[in-house]
Amino acid sequence: MAKPMATKQQGRVTKWQDDKGFGFIETEAGESVFFHVSAFKAQRRPVIGEEVVFTVGYDNQRRLQAKEVQELSFVQQKMAQKNKQIRQRNHKRNAQAEFEAGQKKRLFLGIGFYGVLILLAVMNKLSWVVVGWYAVLGMITYTMYAKDKAAAQNNDWRTPEMTLHVLSALGGWVGAMVAQTYLRHKSQKPEFRIAYYLTVIINMAGLLFILADGGLDFLQKNFI
């Protein structure tokens, strides 16, 4: 007689006496194991020929019999659902990890940009007014993003996208980047993202013009 095992086994119902409420399962090893209807977990009676999953144990008289008999299709369905949940959970975990890594990169990029502006000002390559302009525009732009997100959540009047893009092009793109990353606002719409990147390019072109000798003289004579 085979030694009972607590692990799940797979087999097929070969005999079933419905009037007596018991039958036999043929294991993958070719053994025949008795089981009672009370061990069958489905909300119906067993059917000859159906595949099942079960454990092997003893009855009250120490006779070998199948326990916890379940439909194989039901077990496979539950396993598939569990595996799907695991994959979804792992996907969310990986997506969150990537998002947090992206947050850090964008934050360091913003800090690095302001650091370069300060360094240029210290080296007299750039006016401190320009540095202040970028700092103020960054805060204003971030605030406008936060206000627009709150309006979206409360169904209030929204800030026009053009306003956000203008602020970004004028120098608030770092604040916009931080807002998109940490507030998760305006970060999924492809058209908006493309327009945002264009504002960054426009602003960088303007900054390079200012850093050029002619651009710096022009700024100092007309605005500073």
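The model is predicted: local features need pLDDT of at least 70, side-chain atom pairs count only at pLDDT 80 or more, and totals for chains, interfaces and linings use all residues. Residues are numbered from 1 along each chain as its sequence is written, and side-chain values use heavy atoms, without hydrogens and water.

The whole structure holds eight aromatic pairs. Rings of Phe, Tyr and Trp (its six-membered ring) pair if their centres lie within 6.5 Å; planes under 30 degrees apart are stacked, over 60 edge-to-face, the rest tilted. One of the pairs joins F113 and Y114: the planes meet at 55°, with centres 6.0 Å apart, so the pair is tilted.

F113 also pairs with Y134, edge-to-face, at 5.3 Å between centres and 70° between planes. F113 sits in helix α1 (residues 72–122) and Y134 in helix α2 (residues 128–154), so this contact ties together parts 21 residues apart in sequence. Helices here are DSSP runs of H or I, at least four residues long, numbered from the N terminus.

F113, Y114, Y134 and W173 form one aromatic cluster. Burial is judged by relative accessible area: under 20% is buried, over 50% exposed, in between partly exposed (1.4 Å probe, protein chains only). Y134 is buried at 3%. F113 is buried at 10%. Y114, at 22%, is partly exposed.

How values were computed
Helices (H or I, at least four residues) and strands (E, at least two) are DSSP runs, numbered from the N terminus.
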